[in-house]
Amino acid sequence: MPSSRAPDGSRYSLRTASDRDWRDLTRTIELSYGGHPDPAEVHQVNKDLFEPERSLATYHRDKICATALVYSLNMTIPGGIQPIAGIGYVSVDPTHRRRGLMSEMMANILHGLHHSGTEPVAALQPSESAIYSRLGFGAANQVVRLEIPRKPHAFSLLPRGEDLPATIIDPQTCLDEIRDVYQANVPQRAGMLHYDKRWAAKAVLDPPTARNGAAPLQCLTVSEAGAPAGYALFTTRPQDDSPDPPLAVLVRELFATSPKAYAQLWRTLLDLDLSTTVIAHTRPLDDTLLVLLDDPRSAVPTVRDQLHVRLIDVDRALALRTYSAEVDVVIETTDRLCEWNVGRWRIQGGPEGASCTRTTSAPDLVMSVRELGSAYLGGISLTQLARAGRIEEMRTGALDAACRAFRTDPLPFCSLMF
Ligand SMILES: CC(C)(COP(=O)(O)OP(=O)(O)OC[C@H]1O[C@@H](n2cnc3c(N)ncnc32)[C@H](O)[C@@H]1OP(=O)(O)O)[C@@H](O)C(=O)NCCC(=O)NCCS
């Protein structure tokens, strides 16, 4: 039972959710996220993904006033695809905020994951960056929004050659092709989610009431040697209040299995008649597009954090991933919420695998579990964190060696909101 009390002095009760809670849960979620009711198809997709036995609801009297959903995800981490706990739809009714309900639910989830011995790592995509760091989550990667003026000859340095066969169709009619190309990309980058049909349905959701003046979602596909080689989910929207051009091309998702297919998709999108701008909402920080463009400066970037990672069990989590270089380092960690992580951990590993064991040896590096979460996927450099005063180096050279081992190339990225 949460220790905090409601404004009327009564107690809250925290329970595992059940299927019957769905309607009340979504009411609280919608209210917390601004009051817009989700369209029916969004409800259905979210309901299909709902795992009641893993999710929490806080009750005030007999009404839900706070929620936290847990998803069983499979995410690429350095070295392979592993189960991780995805946390989403953390919401607190505005009339019950700042009473510790979110903190109580999150502590309950983190302790529950430890005691059940299931996923050693949890991840979320926070609506605001500052919410979860106090709970030991570290911002683990950055993504970039790119706004690019229309470019008829955007990649003139690239040999053009024959165009691949391309078509623009309704995404619902090419779900298999999308899935094949997407799944081929999953192992390429840490942070990517291996998804089943339910998550695939979420990726192409396009309820008319949520289009905000944009055309229905379209899928540009290209094929190579008769097989799907790339797709872009995109739409167009008038730039001003008039329904007429000029249009902005909005790119939701773009994946390819070859450099040629990748370049052709972007070349097509960057030169659509009647458009003036391409807006790619969420791209990897090291997106290939940035080195394809003749004029990369024309692409206006807005950088933000995306995945926040929490190590549930430091030893299991650090032994689960591989390392880019051989490493043998003792890390002393602090953890305000999960005391079983406090102590010194020896990590020995490399590209083939790793072990992480408790030790009494002197520490080489000292940091909190939050910094380990930031470095976990290889997207944030330990050296950068040390320069910010968030990591202390106790043995000269240890920081540099650990930094090289933890980093990954390409940088982490997650294309799907969970
Ligand atoms: C974000 C939200 C879940 C927080 O719930 P809450 O029950 O009010 O949070 P708590 O009372 O447990 O807050 C714990 C701490 O986090 C801080 N905090 C809460 N929301 C914060 C925010 N948006 N930004 C920064 N800090 C925040 C609180 O000030 C408090 O700090 P303290 O420990 O120093 O006093 C709630 O405000 C909400 O539903 N917001 C709208 C939906 C949303 O953004 N959800 C998150 C999706 S990932």
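This is a predicted model: local features need pLDDT of at least 70, side-chain atom pairs count only at pLDDT 80 or more; totals for chains, interfaces and linings use all residues.
Student: Which atom of the ligand sits by the polar side-chain atom of Glu-128, and which by that of Arg-134?

Tutor: Glu-128 places a polar side-chain atom 3.1 Å from a nitrogen atom of the ligand. For Arg-134, a polar side-chain atom lies 2.9 Å from an oxygen atom of the ligand. The backbone takes part too: a polar backbone atom of Val-92 is 2.8 Å from a ligand oxygen atom.

Student: Let's go back to Arg-98. Where is Arg-98 found, and what is its phi?

Tutor: Here is the general idea first. Most residues other than glycine have a negative phi, and most peptide bonds are trans. Arg-98 has a phi near 55°, a positive value in a residue that is not glycine. You can find Arg-98 in the loop between strand S4 (80-92) and helix H3.

Student: And the peptide bonds: which residues does a cis bond join?

Tutor: Look at Asp-409 and Pro-410, which are joined by a cis peptide bond with omega about 5°. Pro-410 is in the segment after helix H11 (398-406).

Student: Now the whole chain, please. What domains is it divided into?

Tutor: The chain has domain 1 (12-119), domain 2 (143-304) and domain 3 (313-406). Let's take domain 1 and domain 3, whose centres are 30 Å apart, taken over C-alpha atoms. Their contact takes 13 residues from domain 1 and eleven residues from domain 3.

Student: What area is buried between domain 1 and domain 3?

Tutor: The size of an interface is often given as the accessible area lost when the parts come together. For domain 1 and domain 3, about 1,000 Å² is buried, and carbon and sulfur atoms give 66% of that area. On the side of domain 1, Ile-77, Pro-78 and His-114 lose the most area to domain 3, together 49% of what that side buries.

Student: How many salt bridges and how many residue pairs in polar contact are found across that interface?

Tutor: There are zero salt bridges between domain 1 and domain 3, but seven residue pairs are in polar contact. Strand S3 (63-77) and helix H3 (101-116) are the elements that each give two or more residues to the side of domain 1 that touches domain 3. H3 gives the most, with four residues. By class, that side has five nonpolar, seven polar and one charged residues.

Student: How many salt bridges does the structure hold?

Tutor: Side chains of opposite charge can pair when their charged atoms come close. The structure holds 21 salt bridges.

Key. Residues are numbered from 1 along each chain as its sequence is written. Side-chain values use heavy atoms; hydrogens and water are left out. Domain bounds come from an automatic or database domain assignment. Contact means heavy atoms within 4.5 Å. Buried area is the accessible area (1.4 Å probe) that two parts lose on being put together, summed over both. A salt bridge is a side-chain nitrogen of Lys or Arg within 4 Å of a carboxyl oxygen of Asp or Glu. A polar contact is a pair of N or O atoms within 3.5 Å; within protein, one must be able to donate a hydrogen and the other to accept it, and residues adjacent in sequence count only if both atoms are side-chain atoms. Ala, Val, Leu, Ile, Met, Phe, Trp, Tyr, Cys and Pro count as nonpolar, Asp, Glu, Lys and Arg as charged, and the others, Gly among them, as polar.
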